[in-house]
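Hello,

Here is the structure I promised to pass on to you. Have a look at it first, and then read my notes below.

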Amino acid sequence: MAVNVDPNIVVIGCGVAGIAAAGRLVKAGFRNVRILEATARSGGRIKSGRLGNTIVEIGASYIHGPSEENPIFCLARDYGLLHPEALTAENQAMDIAECFPGVPNWFSSSGQRLSSEHMKPALEIFIELLDETSQNVNKENTRWASVGHFMRSEIQQRTAERWKDKDATTRALLRCAISARLKEECCTNAAHTMDEIDLSGFEMYKDLCGLDCMIPGGYEGLIDSLMSELPTDLVSFNRPVRCVHWNNTDKRETAVTVECHDGEGIAADHVILTVPLGYLKKNHSTLFSPPLPAEKLLSIQSQAFGTCNKIFIEFDSPWWDTDTEVIYFVWEDEEDIVDQVSDISKFWIRKMSFFTVVESSDSHVLCGWIAGLESEYMESVPEEELRSSITQLIHRFTGNPRIVVRRILRTQWFHDPWTYGSYYHTTIGFSKKDMENMMAPLPMEGSQSQPLQVLFAGEATHPHYYSTVHGALLTGWREADRLISHYAPQRGTA
Ligand SMILES: Cc1cc2nc3c(=O)[nH]c(=O)nc-3n(C[C@H](O)[C@H](O)[C@H](O)COP(=O)(O)OP(=O)(O)OC[C@H]3O[C@@H](n4cnc5c(N)ncnc54)[C@H](O)[C@@H]3O)c2cc1C
């Protein structure tokens with residue numbers, strides 16, 4: 001294929017969106033492509049680490065909806081990174097909206113083991129409501145300000161009707177179990193409370209078929225495979241970008257100059273920006289010269305980028321059943337259905353309502369999940385205090401003071417200076433126009449200047465698969481394709 005035009009294209013950020021964009025452009029024959037990455041590594045929010053001998057995922061853990069429609073599943077399969085079970089037709093066909101979240105163990109704040117059969121009605125009502133909410137069956141019902149308001153109100157009503165025959169203590173305990181599940185939902189959405197999530201925005205997210213799976217050798221294996229297909233000198237590491245000067249009107253040859261923190265200016269015809277929304281919200285005023293158009297900026301400011309963190313805890317021996325996949329902690333003193341705590345510095349740990357069991361051949365590791373402001377606070381709790389709070393929590397719920405916490409590793413995404421949080425969620429007042437504005441290239445439509453100077457990719461710019469790895473990858477491909485189509489007539493590929 002003859003390449004008639006070979007523009008300078010700078011991709012900012014070497015997460016999955018940046019790697020996908022650059023890879024697509026290189027494959028299409030563009031030769032002047034480079035990635036500038038602020039840190040010393042590729043992968044961004046895909047980051048695998050170790051706790052002792054166990055591989056732990058600091059960032060993304062799961063391939064959500066691993067089936068043919070999910071490009072991350074297809075890539076991981078083709079690179080040979082998946083467990084055979086994840087490849088079965090049965091796994092790929094599974095509809096997770098109808099599934100229970102793995103084999104659970106339940107414990108209460110009075111140190112009692114609760115029977116899973118007993119707790120089932122709580123999960124049933126929650127799953128039913130979540131399914132209704134994501135299908136937005138209550139579209140006409142404008143009474144509800146948010147997913148949280150809708151769910152809490154419906155839970156009150158449905159539990160009062162359906163649990164009439166249960167005694168008051170059982171009813172109260174089941175409602176507390178629902179609170180534990182609601183806090184889990186905050187983690188899925190990286191929201192402080194489900195009261196922040198717009199009811200109509202919630203249905204924008206699309207689930208893919210397939211039972212979530214992990215990459216046994218670590219998610220970073222996928223990044224390594226993708227990187228191995230790029231020319232070796234394509235990425236400049238430790239090259240944070242300070243400012244994107246666009247709409248250059250002086251006599252410079254290119255429309256854009258990318259200014260790095262070290263002062264170097266890199267001429268570009270096009271920039272694909274893949275920095276996280278958290279970084280963009282915090283730094284937009286210095287990141288663009290001239291500033292972003294008001295319409296785009298307002299949309300960016302109105303969107304939410306929340307925090308979800310994990311705390312990995314290694315034990316000398318397991319205190320859960322061998323087949324357990326998830327452990328719930330139920331606070332029995334919660335008076336209502338709640339998903340946030342009243343005094344964060346005192347009670348932040350109450351927000352951590354569930355743990356998943358981490359696969360390990362010779363260690364016993366749990367991953368505790370925590371979202372919202374409580375999660376952001378947790379990041380700065382001194383190491384010793386963290387260990388002691390977690391140990392006390394586990395002793396209290398299991399009723400066993402002899403359990404020993406061997407090692408702890410926490411993630412700190414809110415304090416990561418290149419991310420400032422974990423991922424995007426829709427927020428009250430969400431409109432499709434905001435999402436369109438977020439992904440719209442600069443200059444915006446209607447301008448007479450050179451088109452496609454700055455393009456926007458990254459997880460938060462996918463209208464349906466935001467907050468995921470596959471969403472991020474697809475946005476990278478989308479923006480690469482925008483440039484490929486733009487140059488197709490000149491390159492004779494139209
Ligand atoms: C705790 C956690 C759990 C998650 N769990 C899952 C999961 O189970 N499944 C799933 O599908 N998704 C999950 N996600 C989301 C998923 O990780 C992201 O959606 C995806 O990795 C985002 O990719 P990206 O390329 O858009 O952004 P990033 O991976 O954040 O890449 C952006 C890159 O830009 C760089 N950068 C920032 N500023 C600059 C600058 N000024 N100059 C140069 N470079 C810069 C950053 O260093 C980073 O490398 C999780 C995320 C977190 C944090």
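**What I found around the ligand**

A backbone N or O atom of Val-469 sits 2.8 Å from an oxygen atom of the ligand. That pair is a polar contact, meaning two N or O atoms within 3.5 Å. Please keep in mind that this is a predicted model, in which local features need pLDDT of at least 70, side-chain atom pairs count only at pLDDT 80 or more, and totals for chains, interfaces and linings use all residues. Residues are numbered from 1 along each chain as its sequence is written, and side-chain values use heavy atoms, with hydrogens and water left out.

Another is Ala-38, with a polar backbone atom 3.1 Å from a nitrogen atom of the ligand. There are 37 residues around the ligand, each with a heavy atom within 4 Å of it. Those that come nearest are Glu-37, Arg-45, Tyr-62, Glu-459 and Val-469.

**How some helices pack**

Two packed helices are described by the angle between their axes and the distance between the axes. Here the axes are lines fitted to C-alpha atoms over the stretch in contact, and angles run from 0 to 180 degrees between N-to-C directions. Helices are DSSP runs of H or I with at least four residues, numbered from the N terminus.

Start with H11 (residues 294-302) and H15 (residues 432-439), which pack at about 115° with axes 8 Å apart. H11 and H15 are therefore roughly perpendicular (65 to 115 degrees). On the H11 side, Glu-295, Lys-296, Ser-299, Ile-300 and Ser-302 take part, and they meet Lys-433, Asp-434, Asn-437, Met-438 and Met-439 of H15 (contact means heavy atoms within 4.5 Å).

H11 also packs against H10 (residues 277-287), at an angle of about 125° and with axes 10 Å apart. From H10 come Leu-277, Leu-280, Lys-281 and His-284, and from H11 come Leu-297, Ile-300 and Gln-301.

Finally, H6 (residues 147-162) and H7 (residues 168-189) pack at about 155°, with axes 12 Å apart. H6 is therefore roughly antiparallel to H7 (over 145 degrees).

Enjoy exploring!

Conventions: Helices (H or I, at least four residues) and strands (E, at least two) are DSSP runs, numbered from the N terminus. Angles under 35 degrees count as roughly parallel, over 145 as roughly antiparallel, 65 to 115 as roughly perpendicular and the rest as oblique. A polar contact is a pair of N or O atoms within 3.5 Å; within protein, one must be able to donate a hydrogen and the other to accept it, and residues adjacent in sequence count only if both atoms are side-chain atoms.
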